[in-house]
Amino acid sequence: MSDYAILVVDDEVPFTEIMAEILRSYGLRTRVAHSANEALNLLGEGCPQLLILDVMMPEIDGLTLMGQLKSNSR
């Protein structure tokens, strides 16, 4: 079972930290990942209720990551 409700995925560290701080200030359990691979590792631990994805990331972009997640039967 997931211990967080929102996963923010962006390669820009300051953005993810600010976004997470704002979401947490509303009482939302939030985790951050700075790459698609890191996000996939976190998603292996549990499924958040919401993903906030950056479209333009190195290696695997947000759209490709979303496609991979949609094709996953879980």
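**View 1. Thr30 counts as buried, with a relative accessibility of 8%.** Buried means under 20% relative accessible area (1.4 Å probe, protein chains only). This is a predicted model: local features need pLDDT of at least 70, side-chain atom pairs count only at pLDDT 80 or more, and totals for chains, interfaces and linings use all residues. Residues are numbered from 1 along each chain as its sequence is written, and side-chain values use heavy atoms, without hydrogens and water. Thr30 sits in strand β2; strands are DSSP runs of E, at least two residues, and helices runs of H or I, at least four, numbered from the N terminus. The Thr30 side chain reaches the backbone oxygen of Leu28 at 3.1 Å. Beyond neighbours within four places in sequence, Thr30 contacts (heavy atoms within 4.5 Å) Tyr4, Ile6, Val8, Ala20, Leu23 and Arg24.

**View 2. Three strands form an open, parallel sheet in the order β2-β1-β3.** The edge strands β2 and β3 each pair on one side only; pairing requires at least two DSSP bridges between two strands. Four bridges join β1 and β3 in the parallel sense. Leu7 has Leu51 of β3 as its bridge partner.

**View 3. Helix α2 spans residues 36-45 and has Ala36, Ala39, Leu42 and Leu43 buried.** Seen down the α2 axis, the buried residues fall within an arc of 115° (directions from the helix axis to the C-beta atoms), so they line one face of the helix. On the other side, Asn41, Gly44 and Glu45 are exposed, meaning over 50% relative accessible area. The cover over the buried residues of α2 includes β1 (6-9), β2 (30-33), β3 (50-53) and α3 (62-71).

Terms used. A polar contact is a pair of N or O atoms within 3.5 Å; within protein, one must be able to donate a hydrogen and the other to accept it, and residues adjacent in sequence count only if both atoms are side-chain atoms.
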